[in-house]
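Me: I have a model open and want to learn to read it feature by feature. Can you take me through it?

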Amino acid sequence: NNTDCNDANANIHEAVRYYVDADRDGYGSTTTAMLCETTAPTGYSINNTDCDDENAAVHISHQFYVDADRDGYGSPETAMLCESTAPVGYATNNTDCNDKDATVSTPLQYFVDADLDGYGSTTTALVCSAVASPGFSTNNTDCNDANRSVHAPAQYYVDGDRDGYGSTATVMLCESTAPVGYVTNNTDCNDNDATAHATRQYYVDNDRDGYGSTATAMLCASSAPVGFSTNNTDCNDADATSYATKQYYVDGDRDGYGSTTTAMLCAATAPVGYSTNNTDCNDNDAAIYANCGPCKNAASLSTVNITTTSATMTWVANSNPAQWQVEYKSTNQGAKWVAVLLPGTVRSYTINGLKANQNYQWHIRAKCGTKWTGYSNTISFKTKATVLSGASINRVTLGVETEAQVLEVKVLPNPSTTYFTLLIRSSSDKILSLRIVDAVGRTVESRNGIAANSTQRVGHNYVPGVYFVQVRQDGKLVSLKLMKQAQ
């Protein structure tokens, strides 16, 4: 037969199937060839396991990682490729944290931006993004990551009294708006008083009577403090008793009685040359002022209602003088006159504290304008004697010697619009003291060393109101109520 394919090799007589190994790496492709060889010659292989017979560097598939964004970093997704090196779109690693973004492959540190204002907090986070995504920032400068309207501390002013106006004291706060106790202005002139924040104009009140002068002052106070006022109506800021002009009557002859001519003066009491009345019918003659008749001394003097310890002096006058002065004394050797000043309107006066069965005498004079008339003739009288029984002589005599002290005070006029005349009478010769208090007990005036059986004038400068006069002598006290009325 003629079936021997290689008659030179006794080991083979028929063709054998081999696989083409084009890249000659020892691994054949799927392409076959029938060769009369006992072993695979060069370019052929006995296997068909070469996945790429054109590349001698590879014959079996290798695992690669899909690199979709082609940044050289693969994703977790794998692929078996017959490649010796990773082709484009594949990588030998799976370290890409975001295979859709070629600009990033590994996580970057960012700062949490919870309020999405672009400013991060101090809290960090690893994010697979080349740029900070919403909710993250590249900085940690946000002082309040819960409020997107603020990220840096702002300067506020302390508002201690919480009136909405700040002091000059500052504080840095991470707030978009001023919290309670802080404001955005420093315009408060007194941060301890919520009622005042801006200076106000007041008027200087030097005499502290509640009425200001024209001098002004800018003060940080919601109400006028002591020494200042909200008005400038004081016509005399050096006198607390006078703040508004008053109408007085011109007293040309200065007799204390005014004419019908008026004048507005800033004075609490009528100054010299002016009067509170217009009763002078001849203001050119101080001797003529009332009833158009001359001022004369009293007439028709008499003593009535005589008792053992008292007597009433009476007289007659056609016109009212400015004042009466009565003097009386006993007829005993060395006795001194006791003077009593009385208003010009009275026509009688009762003497108390006299001794029984004693001779006395008295006279009177009138004050016309600023001058006194001479004293009248002296009038005498005798007090009644004490009637005693024989059995009681010693006892009564002792009683006379130890007679209780008599202290009497009369006020004329009361009420008054000008002043008060105090008629003080006492059975003792010891000196007295006088004290005037107002309705709340504050001392208004006090006098010491006052002679017994004297006349005192008070109240010229008193403001309208209630007062109490207290007269003391040797432990005895007399208190009377005074009523000062507005003119």
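Me: Is Lys430 buried, partly exposed or exposed?

Reply: Start with the scale. Buried means under 20% relative accessible area, exposed means over 50%, and partly exposed lies in between (1.4 Å probe, protein chains only). Lys430 has 46% relative accessibility, so Lys430 counts as partly exposed.

Me: What sort of model is this, and which cut-offs apply?

Reply: This is a predicted model: local features need pLDDT of at least 70, side-chain atom pairs count only at pLDDT 80 or more, and totals for chains, interfaces and linings use all residues. Residues are numbered from 1 along each chain as its sequence is written, and side-chain values use heavy atoms, with hydrogens and water left out.

Me: How do I read the pLDDT of the chain?

Reply: pLDDT is the predictor's confidence in each residue, from 0 to 100. Here the chain averages 89. At least 70 is reached by 94% of the residues.

Me: Where does pLDDT stay under 50?

Reply: Over residues 388-403. For that stretch the model has four contacts beyond four places in sequence. A contact means heavy atoms within 4.5 Å.

Me: Back to Lys430. Which residue forms a salt bridge with Lys430?

Reply: The rule first. A salt bridge is a side-chain nitrogen of Lys or Arg within 4 Å of a carboxyl oxygen of Asp or Glu. The partner of Lys430 is Asp474, with the closest N and O atoms 3.2 Å apart. This pair links distant parts of the chain, 44 residues apart. Asp474 is in the loop between strand 34 (465-473) and strand 35 (476-484). Lys430 is in the loop between strand 30 (420-426) and strand 31 (432-438). Strands here are DSSP runs (E, at least two residues), numbered from the N terminus.

Me: How many salt bridges does a search of the whole structure find?

Reply: Two. Arg447 also forms one, with Glu445, and there the closest N and O atoms are 2.8 Å apart. Arg447 counts as partly exposed, at 22% relative accessibility.

Me: Now sheets. In what order do the three strands of the open sheet lie?

Reply: The general idea: strands of a sheet pair through backbone hydrogen bonds, either parallel or antiparallel. Two strands count as paired if DSSP finds at least two bridges between them. In this open sheet the order is 2-1-3, and the pairing is antiparallel. Strand 2 (32-35) and strand 3 (44-45) stand at the edges with a single partner strand each, so one side of each is left without a neighbour in the sheet.

Me: How many bridges join strand 1 to strand 2?

Reply: Four, and the two strands run antiparallel. Strand 1 (residues 16-20) pairs with strand 3 over two bridges, also in the antiparallel sense. Find Tyr19 in your view. Tyr19 stands opposite Thr32 in strand 2. Tyr19 also stands opposite Ser45 in strand 3.

Me: How many disulfides does the count come to?

Reply: A disulfide is a covalent bond between the sulfur atoms of two cysteines. The rule used here is a pair of cysteine sulfur atoms within 2.5 Å. The count comes to six.

Me: How far apart are the sulfur atoms of Cys5 and Cys36?

Reply: They are 1.7 Å apart. The link of Cys5 and Cys36 is right-handed, with 70° about the S-S bond. Cys5 lies in the segment before strand 1 and Cys36 in the loop between strand 2 and strand 3, so the pair ties together parts that are 31 residues apart in sequence. Cys5 is partly exposed at 36% relative accessible area, whereas Cys36 is buried at 16%.

Me: Which cysteine forms a disulfide with Cys51?

Reply: Cys82, with the sulfur atoms 1.7 Å apart. The torsion about the S-S bond of Cys51 and Cys82 is about 80°, so this disulfide is right-handed. Cys51 has a relative accessible area of 35% and is partly exposed. Cys82 has 16% and is buried.

Me: And which cysteine forms a disulfide with Cys143?

Reply: Cys174, with the sulfur atoms 1.8 Å apart. This link of Cys143 and Cys174 is right-handed, with 85° about the S-S bond. Cys143 counts as partly exposed at 35% relative accessibility. Cys174 counts as buried at 18%.
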